[in-house]
Amino acid sequence: QGGRVLCEAVSCPVGCSHPLPTPAGSCCPTCAGCLHEGVVRAEGDVFSPSDGNCTVCVCLAGNVSCISPECPPGSCPSSSPTDCCSCQPAKCSFRGRTYPHGSQFSLDGDECTICVCQGGEVECSFAPCPVLDCPQHQRHLGPGQCCFTCRDPPAPAGCFVDDNGVEFPVGQIWSPGDPCELCICQADGSVSCKRTDCVETCPYPIRIPGQCCPDCSAGCTYMGRIFYNNETFPSVLDPCLSCICLVRAV
């Protein structure tokens, strides 16, 4: 045009709903067939979509037209190619009552059973119960309850202190073998122990078996022997010396 070449892209008016992809060597898509859900359909081809339900589609001039079955009231489309409308009622009749399809209900006076209306039929099952982490003897089913619950463990009647089954009643005080240690059985079944600190001292204490602290008031211990207060006795080191036990704290 006037010694110059002008170029522009070809405009492709698409006059159909499901055109085929552009063929090799061509510029525009074609309506001589249909592309439906990724599948190429020929002109005049009659087919059913992948979801079924008795829907029938036809490819005409690049357009896909689908027709779904019209079922009478109370029926629903079926996937059966021979009978597109099923005869199953959408509602359930159960014990003199009518329930819609998909509804969930409980039996009269029995909250432990759950029923569901499915396509005209009623399916009942027991209500699900939680998993209990208590032993069998602590499980309890109360009046009107559907599921077992765990009882509270009984309050301890005493304290078990060893593997031999020795039990002390609540409030019992005892020594576990060391006279300087005393233990008490608590109300919750636990054992609380406390040691005794000896604060009284003397030069020659007397240790009494089964007693925690040495006794400084009973007498004196000298060379393995015990002498009472104000008692005199000869010295082992020097027989000419006489000793006397004088009790007094230092």
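1. Before anything else, a definition: two strands pair if DSSP finds at least two bridges between them. Strands themselves are DSSP runs of E, at least two residues long, numbered from the N terminus. With that in hand, Tyr222 has Arg225 of β19 as its bridge partner.

2. Housekeeping: this is a predicted model, where local features need pLDDT of at least 70, side-chain atom pairs count only at pLDDT 80 or more, and totals for chains, interfaces and linings use all residues. Residues are numbered from 1 along each chain as its sequence is written, and side-chain values use heavy atoms, with hydrogens and water left out.

3. Back to the hairpin. Strands β18 (residues 219-222) and β19 (residues 225-228) run antiparallel and are joined over four bridges. Two residues sit between the strands, and Met223 has a positive phi near 55°.

4. Ala61 is not a glycine, yet its phi is positive, about 55°; you'll find Ala61 in the loop between β4 (56-60) and β5 (63-67). Arg95, also a residue other than glycine, has a positive phi near 50° and lies in the loop between β6 (91-94) and β7 (97-100).

5. How exposed are they? The classes are buried (under 20% relative accessible area), exposed (over 50%) and partly exposed in between, with a 1.4 Å probe and protein chains only. Ala61 counts as partly exposed because its relative accessibility is 44%, while Arg95 counts as exposed because its value is 64%.

6. Val161 belongs to the loop between β13 (158-160) and β14 (167-169). Its relative accessibility is 35%, so Val161 counts as partly exposed.
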